[in-house]
Every structure is written in C-alpha cells, then in structure tokens.
Amino acid sequence: MYIRLWQRLLSASIIGVVVLAAAITVLLLMGGDLRFAGWAALIFYSTLLMQSAQIPLRARGLMGWVSLIMIFDRLVFLAVILALTALGVGGEVAIPIGLASGITLDAFLCFLSNRRMVPARDGSGMRIHVGHPKRWFLAWRGATGYGVAAVLGSAQQLDMSILGFSSGPAAAGSYGAVSRWTTPLLLPSTALTQVGMAHAPKAASTRLTLWEFRRVVWILILAMVGAIGVAHYSDFIAPAILGTQYAGSSPIFALLALSIIPTLFAQPLSMILQSRGEEVHVAWVLGGGLAIRLSTCFVLGASLGGLAGAWGVLLQQSFILVVLILVIAKVLVREAKIGKQQSR
C-alpha cells in the first residue's frame, strides 16, 4: 500500500508540474493573474498529500483519529485567515494560504500517526520504495471509478449555476440558502459510510456485508423520521432558521428534506458496492443521477424557480437508490452462482 502511495504522489507531481506550466503559459498569453495558478497548485498538492496520508488510517478503521485531525485542520485554517486579515492581507490571499496551511498540517499529522499507529513487522512499511518510473503511473489503476464518482459529486454544485441561468439569481439564492440547512440530516448516513468503508472490503461476500449493515439500519430509520418531521413542519422551520423573508421557501425546504430519505440509504449502498469492486457501476449510476438533477433544473427552472432545484435533488436521489438496489441484487445473484459452482 505504501509503495503505491509514494508512486501515486510522484506521478501526480509530474502531471501537476506539466499542467501548472501549461496554465502559466495560457495566463501569460491572456494577460491573466498568475497567482491563480499558484494558489491552485498549492491547494492541489496539499490536498493530494492529505488524502494519501489518510488512506492507511482509514483502512485501519481509525476514523475517530482522522476526524480529530481534520477538526484541528479547520481550526488552523481559521486561525491563519484571522491572523493574515488582522495584518491587512486581503481575503483572496488569506483564504488559499489558510486552506493550504490547514491541509498540509493535516497531512503531516496523518503521516506521523501512520508511523505510530499502523504497525509494520520490520519497520519497512514507511520506507520509500518507488520502483521504476514506468510503474508510477500504473499505481493509479483501479482508481477511475472512485475518481469519476468524486468529480460527479463536485459537479452537483452546477445546479445553482443552471438555476441562476434559467430562473434568475433570486431563485438560485433561495434554493442555495435553504439547501444548506438540510445537509445535517445526512450526518448519520455519512458517518456510517465513512466507518463502514474500512470494514466492508473484509467481508467474505456482499451478502455478509449487507447482513452486518442491518445492525445499524435503525440509525438511518431515525434520521428518516427526522427528515419526514422537518418536511412536515417546514412552514415553521424555514422562516425560523432563515428569517421571514424566506417564508416562501418552505416548499423547497420540504422537498429537500424528503430527498434526504433516499440519500440516507443510497450512501451506504454505494459504499458497499465500491468496496466490493463495483466502483465503475456506481460511477455510472451517479452520472445518470447527476444528469437527471441538472436537466430538471434547466427544464423546470423557468416555471418553478428554486423549487426546480429541489425536485431535481429528489428525482436524482430516488433514481440512484433504485438503481443501486438493482445493481446489488445483480451482484448477489452473481455471487450465489459462483458459490454454487465452487461447492460442486
């Protein structure tokens, strides 16, 4: 695992240098601000270091320790921003420096924790074994599905831009303000997914993974009841949280709360499939869901305003859950056939 980590860091460094040189060339030709390329490179590489450093800890199931480090990372981020702004540094400089500082410290603490918390029989686990340069890029094999899924997750933010184009900035702002207050309902599902990511690959079959998952389903059911309650009382909750000027956003708030229900179950199911080697299928499912979400915003935005964004999320998450269930059913049938063949 460590060999592949170092190989990925080296190959990503080479690619990053090439992309940075190309970006600087384009900015010079266009007369753009070169600081943009510098900040992007700084955040890119510090994030790469952080994610690489967290992998061994996550694989060992040490999510509590990783979470503590991430909290410290955020505190450092805020402290650096406050210190720089107090010295008169502008936000366009303070924010990327603070972000990179927190992330880099996160990576350092994770690497230090790996030394202490991930045992190696002869102490060779943390040594640098890079091998031939040709193998550096081969170390990324198998990461396509995860990478595409991550990009698709980030692309969900495009619904705000599409709503702004199709229905105007007021509708997009109303939808954006309300959507931020429904995400806490996803915390139980996100936590279970993060913790389960270290244990699901160790199960002998997908059926056993689902059987273990059943023990914590009650947490998701409680969160589902909470989402239904929020949707039912959205007429009171939305103005209380956002102010009376957002009283008209109650239907958006209700739909977004209902969209949490399929998401609560879709997140763990996607994690299970990814950990069982079906990450490419998960990426395709997420891509289909994203297309539904963005097209709904574009088609219905002019007539429904911010409500189109909420409908897009509800349709997206419902589609993802239904298709993931079908994929898991297919995987279970396939594994059952393989088990019968091996028992003969």
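The dialogue below takes up a helix pair, several residues and the cysteines in turn.

Modeller: Please keep in mind that this is a predicted model.

Biologist: Let us begin with helix packing. At what angle do helix α11 and helix α13 pack, and how far apart are their axes?

Modeller: Helix α11 spans residues 217-232 and helix α13 spans residues 250-275; they pack at an angle of about 170°, with 7 Å between their axes. An angle over 145 degrees counts as roughly antiparallel, and α11 and α13 are therefore roughly antiparallel to each other. On the α11 side, the residues making the contact include Leu220, Met224 and Ile228, while those of α13 include Phe253, Ile261 and Phe265.

Biologist: How many nonpolar, polar and charged residues does the contact of α11 with α13 have?

Modeller: By class, 17 residues in this contact are nonpolar, and there are no polar and no charged ones.

Biologist: Where is Ser275 placed, and what is in contact with Ser275?

Modeller: Ser275 belongs to helix α13. Because a relative accessible area under 20% counts as buried, Ser275, at 15% relative accessibility, is buried. Leaving aside neighbours within four places in sequence, Ser275 is in contact with Tyr146, Ala200 and Pro201.

Biologist: Is Ser46 buried or exposed, and which backbone oxygen does the side chain of Ser46 reach at 3.1 Å?

Modeller: Ser46 lies in helix α2, residues 34-59, and counts as buried because its relative accessibility is 3%. Polar contacts are judged by a cut-off of 3.5 Å between N or O atoms. A polar atom of the Ser46 side chain lies 2.9 Å from the backbone oxygen of Leu42, and the Ser46 side chain reaches the backbone oxygen of Ile43 at 3.1 Å. Not counting residues up to four places away in sequence, Ser46 touches Ala100, Ile103 and Thr104.

Biologist: How many residues apart in sequence are Val178 and Leu242?

Modeller: Val178 and Leu242 are 64 residues apart in sequence, and their C-alpha atoms are 7.8 Å apart in space. Val178 sits in helix α8, residues 169-179, and is buried, with a relative accessible area of 0%. Beyond residues up to four places away in sequence, Val178 touches Leu242, Ser249, Ile252, Phe253 and Leu256.

Biologist: Finally, how many disulfides are counted?

Modeller: A disulfide is a covalent bond between the sulfur atoms of two cysteines. With a cut-off of 2.5 Å between cysteine sulfur atoms, the count comes to 0 disulfides. Cys110 is buried at 0% relative accessibility, and Cys297 is buried with a relative accessible area of 0%.

How values were computed:
Residues are numbered from 1 along each chain as its sequence is written. This is a predicted model: local features need pLDDT of at least 70, side-chain atom pairs count only at pLDDT 80 or more; totals for chains, interfaces and linings use all residues. Side-chain values use heavy atoms; hydrogens and water are left out. Helices (H or I, at least four residues) and strands (E, at least two) are DSSP runs, numbered from the N terminus. Buried means under 20% relative accessible area, exposed over 50%, partly exposed in between (1.4 Å probe, protein chains only). A polar contact is a pair of N or O atoms within 3.5 Å; within protein, one must be able to donate a hydrogen and the other to accept it, and residues adjacent in sequence count only if both atoms are side-chain atoms. Contact means heavy atoms within 4.5 Å. Axes are lines fitted to C-alpha atoms, for helices over the stretch in contact, and angles run from 0 to 180 degrees between N-to-C directions. Angles under 35 degrees count as roughly parallel, over 145 as roughly antiparallel, 65 to 115 as roughly perpendicular and the rest as oblique. Ala, Val, Leu, Ile, Met, Phe, Trp, Tyr, Cys and Pro count as nonpolar, Asp, Glu, Lys and Arg as charged, and the others, Gly among them, as polar.
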